[in-house]
Every structure is written in structure tokens, then in C-alpha cells.
Amino acid sequence: MRISVNIITQNRAKSLRRLLASLRDAYYVGDEVPISFNMDSRVDAATLNVVNAFDWPHGGKTLRRRIIQGGLIRAVSESWYPATDDDYGLLLEDDIEVSPYYYLWIKYALLAYRYDPQVSLPELSSISLYTPRLVEVVKERPRWNATAFFGRSKNHHPNTPYLHQLPCSWGAVFFPKHWREFYAYMAARFTEDAKQNPVQIPRSRTNGWQASWKKFLIDMMYLRGYVALYPNFPDQSSFSTNHMEPGAHISAKGNVVKHDKRDFEVPLVADDFSPLLPAGRMPPASKLPVLNLFNQPVSFKALKAAGAKLRQDVIGCAATQLVAVDHVTGLPKNCTAF
């Protein structure tokens, strides 16, 4: 496996320094880990100075800067593309901070659920570093605690990692096959006005997200029945935290009602996490609980059924029509809609 760190930054030099310090001081067990900086055209001088001066001792360093401002959707979605089927991309915006153990979590999860020949989990599309505190896809955005939720179950250890249909934008590693599919989906479905997108997930507030690459990834994961792996430790400790500092989605005036830092900042894992796992190890893939987009326990069969139902509404082909299917994207070749 090859895991690369891909940073999206523009004009938060202080935030970027904090992220880089946390990355540099993490444990990499001798692995070579390349790092890239992806900057939009309006990057400020202070951020450029931080990027240019940064010494990365764990691998190669690459700098990319746009000529024309692309915006956050393009900045994130174009920040990484897999070179091989063993190429994994960690995407980090500059107001994120990581735990010293973040890389060990990623590597352990990949070995357990991607490279173990006894495991078949084709629906797994990414590994999150972060444990969310909100159910962000519903209008009310209620608070949610994974440890408390699974602690009430007789079938799961309170600290069981779980599979969630929601992708993470605050520190996550994405898988090559699924990221290529995401590119194909974006090419087929991207609209500047999210409300004009024919894919409208029932009861999801993501339908109105105007400037979010994550909205399109949520659509694709819903349609395909894909999931992400999430950590689940006491006090919602995670391998990344989001400091919610002013930027593309958070205005300098605060957005106090919509973005309370207490709902997003979580403590970072500061010690060896393996003793906290059920029986001190990653559970078998078959024992991982599955949640749908709305944090409800479901089966993979139910996820796929919900996606298939929505696909019937947005694919512009008659049910009886025989069509050729692209073997990479899974899209009907002679249909005009996904």
C-alpha cells in the first residue's frame, strides 16, 4: 500500500502550521509517505512561506497552485488521483489537526479490511480519522455519540469501529477504485446549483448544499451502497479534529448558529488505541455494525435497496431496455443521466 498526504490550503497560515506540526510528529513506522500541497490561485504570501519552508522528513513533497481560482469543490476533489490500485489518498483541509497515531489507525484498518485475503468488503470506500458529534444530514442536526449508541447494544462492544454511509470531510483516506468512480460521477452529475441536480436523496438536507464536494460523494455512496469506516473511542476521541476556523464554509463573522465549535472539535487520541478496541483488535469485517446516512442501523442489503430505488428515478432508461455498461464507472453507456 502507498498512503499519501494531500493538503488543501489557501490563506490560513497559522492553521496550516498547526496541521503540519501534528503531521510531522506522528508515527510512520519507517514508511515513506509523500505529501502534497494544493493551493488555489488566491493563496496568500504567508501561506506560501509556510509551504515553501516546510521540511517533510517522511517522503517526497509536491506543490500545486492553480492559475485560475477553482473554489473548494475543485480544490478538494482534484487534490489527489490514484496512480495504482494500491494508492490511497488522505485529504486534509488546513484547519484540521491529527493525532500522533493517525497513520497507525489507517494502516491497521487497511491491513484488516483491505489486504486480509479472508476479508471481502467491496462496499468500504474510505477510512475516517474523525468521529462525528452531529447527525449532519437531517434538518434538526441532533447530537450523536457513537460510544453511547453502541454501548446500549447487546451485540456490540461500546468502542466497536463502525461502517457509516456518510463520508468524512475532516480527515479521511479514500480508496482508489471508489475515488475513480467519484470522478466519473462528478463528470456526469456536477451542477453549480445543487438544487438542479436530479439526484435528491429523500429527507436529506444535503440536497441543498451549494458548494460541497462532499454532497456529490454522499450522492454516489447512497446510490451504490458504499460505506466509510469510523473510529469509536471514549469521549469521541479521534485521529483528527476540526477547529472550524474562518474559511470557505465558515465566515469570519462566526456562523454561530450553524457552526458551534463544540459540535465539531473532538479530543485527539493521545495513546496506543489498540487496548480500547474490542478484545484488543480490529473486529472481523462481518461484526462491524452498519449505519445508513441518517445514523440508523441497517444491513448492506437495505443500503443497496435504497440506492437502487433512487437510481430508478434518475437513470433515463426504460426498465426493459438493454444497455451497455461501462466496466469502470458502472454507468449505462447510452443513457444521458446517471
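Helices (H or I, at least four residues) and strands (E, at least two) are taken as DSSP runs and numbered from the N terminus. Residues are numbered from 1 along each chain as its sequence is written, and side-chain values use heavy atoms, with hydrogens and water left out. The model is predicted, and local features need pLDDT of at least 70, side-chain atom pairs count only at pLDDT 80 or more, and totals for chains, interfaces and linings use all residues.

Thr241 lies in strand E10 (residues 240-242). Its relative accessible area of 3% makes Thr241 buried, the term denoting under 20% relative accessible area, with exposed over 50% and partly exposed in between (1.4 Å probe, protein chains only). The side chain of Thr241 makes a polar contact with the backbone nitrogen of Val266 at 2.8 Å; such a contact is a pair of N or O atoms within 3.5 Å, where within protein one must be able to donate a hydrogen and the other to accept it, and residues adjacent in sequence count only if both atoms are side-chain atoms. Residues up to four places away in sequence being excluded, Thr241 touches Asp95, Ile96, Glu97, Tyr130, Phe264, Glu265, Val266 and Leu268, contact meaning heavy atoms within 4.5 Å.

Nine strands form an open sheet with mixed pairing, in the order E3-E2-E1-E4-E8-E6-E9-E7-E11; two strands pair if DSSP finds at least two bridges between them. Strands E3 (61-65) and E11 (290-291) are the edges and have a single partner strand each, so one side of each lacks a neighbour in the sheet. Helix H4 (residues 102-113) packs on the sheet, where it touches strands E1 (2-9), E4, E6 (124-128), E8 and E9 (227-230), and its direction makes about 155° with that of E6. Axes are lines fitted to C-alpha atoms, for helices over the stretch in contact, and angles run from 0 to 180 degrees between N-to-C directions. Strands E4 (residues 87-93) and E8 (residues 172-174) are joined in the antiparallel sense by three bridges, and Gly89 has Phe174 of E8 as its bridge partner. Helix H6 (residues 176-189) lies across E4, E6 and E8 and runs at about 65° to E4.

Strand E9 pairs with E6 in the parallel sense over three bridges and with E7 in the antiparallel sense, also over three bridges. Ala228 is the bridge partner of Ser126, and Tyr230 that of Tyr162. Both faces of E9 are covered, with Val227 and Leu229 buried on one side and Ala228 and Tyr230 on the other. Within E7 (residues 162-164), Leu163 is buried, with a relative accessible area of 0%. The C-alpha atoms of Leu163 and Leu291 are 6.2 Å apart, although 128 residues separate the two in sequence.

Helix H7 (residues 213-224) has twelve residues and spans 17 Å from its first C-alpha to its last, close to the expected 16 Å, which is 1.5 Å times one less than its number of residues. Twelve of the twelve residues of H7 are buried. At the start of H7, a side-chain oxygen of Ser212 comes to within 3.2 Å of the backbone nitrogen of Lys214. Gly225, with a positive phi near 75°, follows H7.

In helix H2 (residues 45-53), the buried residues include Thr47, Leu48, Val50 and Val51. They cover an arc of only 160° around the axis and therefore lie on the same side of H2, the arc being that of the directions from the helix axis to the C-beta atoms. Ala45, Asn49 and Ala53 are exposed on the other side of H2.
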